[in-house]
Amino acid sequence: PTPPANEWEILKIQAGPDGALTPMACPSAGYVRLGTTGQVFQNVSLDHCAIEVAAPNVIIRNIKIGQTDPELWAIRLLNNATGVQITDVECFGYGRTTASVQYCVYLNDGASVTITRANFHLCADCVQGEHVVMTESWLHDFANIPGVSHVDGFQCNSTCEGTRIIHNLINVDQDQTGAVSLFQDFGIPRDVTIERNWLIGAGWTIYGGAGTKGTPNFIRILN
């Protein structure tokens with residue numbers, strides 16, 4: 001079907017929390033730990049705090065999270081955090097340089113996540129992981145610490161297997177590195193679909209998986 005003329009404005013409006021939020025004090029550890037299978041964490045705002053996911057099938061829904069950690073994350077998924085859903089979430093740092101956050105969502109290699117209608121900004125590497133489905137999300141106003149940051153909207157660094165980046169607006173308003181980046185740091189990317197996105201800026205708009213370890217397989221870049 002033909003998309004509406006204001007397709008991307010609609011996406012921006014719909015990305016992020018869609019209901020009332022209750023402020024939540026950050027635990028003394030500096031993060032909220034979600035360690036129960038199927039746990040639902042929703043309807044809160046967090047300031048200068050992180051979330052650690054340590055169980056499968058966790059749902060994070062309708063939250064706003066601000067964090068200052070220019071070399072770490074706001075939401076981290078450990079290896080056993082499979083089948084996680086992150087929906088209607090806003091994540092941001094508190095500035096473009098040292099008050100920023102590096103990752104809004106960071107996955108250990110065994111984790112997997114579906115991210116839907118997210119609004120991520122003032123992050124340097126907004127989403128990093130090997131098994132990510134991201135749709136209907138808006139990534140913009142990127143952080144960049146000169147000489148430190150390696151700026152990417154989404155990046156994976158090994159097999160990237162099963163990654164789907166579909167219908168997102170990713171505007172990297174920096175001169176490096178990629179809006180969507182598939183890297184061969186630790187493996188050969190395979191089975192990735194990048195489809196119906198509006199990708200803007202960076203040094204390479206898409207870094208498609210080339211490297212010295214081998215030839216990427218089944219990398220689909222569509223529409």
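Leaving aside neighbours within four places in sequence, Ile115 is in contact with Ile86, Val105, Phe120, Val127, Val132, Val133, Met134, Thr135 and Ser137, where contact means heavy atoms within 4.5 Å. The structure is a predicted model, in which local features need pLDDT of at least 70 and side-chain atom pairs count only at pLDDT 80 or more, while totals for chains, interfaces and linings use all residues. Residues are numbered from 1 along each chain as its sequence is written, and side-chain values use heavy atoms, with hydrogens and water left out.

Ile115 also belongs to the largest nonpolar core, which has 51 residues; Ile51, Ile60, Leu77, Ile115 and Phe120 touch the most other members. A nonpolar core is a set of buried Ala, Val, Leu, Ile, Met, Phe, Trp, Tyr and Cys residues joined through side-chain atoms within 4.5 Å. Buried means under 20% relative accessible area, exposed over 50%, and partly exposed in between (1.4 Å probe, protein chains only). A second, separate core of 5 residues includes Trp8, Leu11, Ala15 and Trp138.

Aromatic rings come next. Rings of Phe, Tyr and Trp (its six-membered ring) pair if their centres lie within 6.5 Å; planes under 30 degrees apart count as stacked, over 60 as edge-to-face and the rest as tilted. By this rule the count comes to 6 aromatic pairs. The ring centres of Trp73 and Tyr106 are 5.4 Å apart and their planes meet at 20°, so this pair is stacked. It links distant parts of the chain, with Trp73 in strand β6 (residues 69-77) and Tyr106 in strand β8 (residues 101-107), 33 residues apart. Helices (H or I, at least four residues) and strands (E, at least two) are DSSP runs, numbered from the N terminus. Tyr103 and Tyr106 form a tilted pair, 4.8 Å centre to centre with 55° between the planes, and both of these tyrosines are buried.

A disulfide is a covalent bond between the sulfur atoms of two cysteines, identified here as a pair of cysteine sulfur atoms within 2.5 Å. By this rule the count comes to 4 disulfides. One of them joins Cys91 to Cys104, with 2.3 Å from S to S. The torsion about this S-S bond is about -95°, so the Cys91 and Cys104 disulfide is left-handed. Cys91 lies in strand β7 (residues 84-92) and Cys104 in strand β8, so the pair ties together parts that are 13 residues apart in sequence. Cys91 is buried at 0% relative accessibility, and Cys104 is buried at 0%.

Cys123 and Cys126 form a disulfide with sulfur atoms 2.0 Å apart; the torsion is about 85°, so the link is right-handed. Both Cys123 and Cys126 are buried. In the disulfide of Cys156 and Cys160 the sulfur atoms lie 2.1 Å apart, and with 100° about the S-S bond it is right-handed. In sequence order, the bonded cysteines of the protein chain pair as 1-2, 3-4, 5-6, 7-8.

Finally, Asn197 sits in the loop between β18 (190-195) and β19 (198-201), and at 15% relative accessibility it counts as buried. A polar atom of the Asn197 side chain lies 3.1 Å from the backbone nitrogen of His167, and the side chain of Asn197 reaches the backbone oxygen of Glu195 at 3.1 Å.

How values were computed:
Polar contact = N/O pair within 3.5 Å; in protein donor to acceptor, adjacent residues only side chain to side chain.
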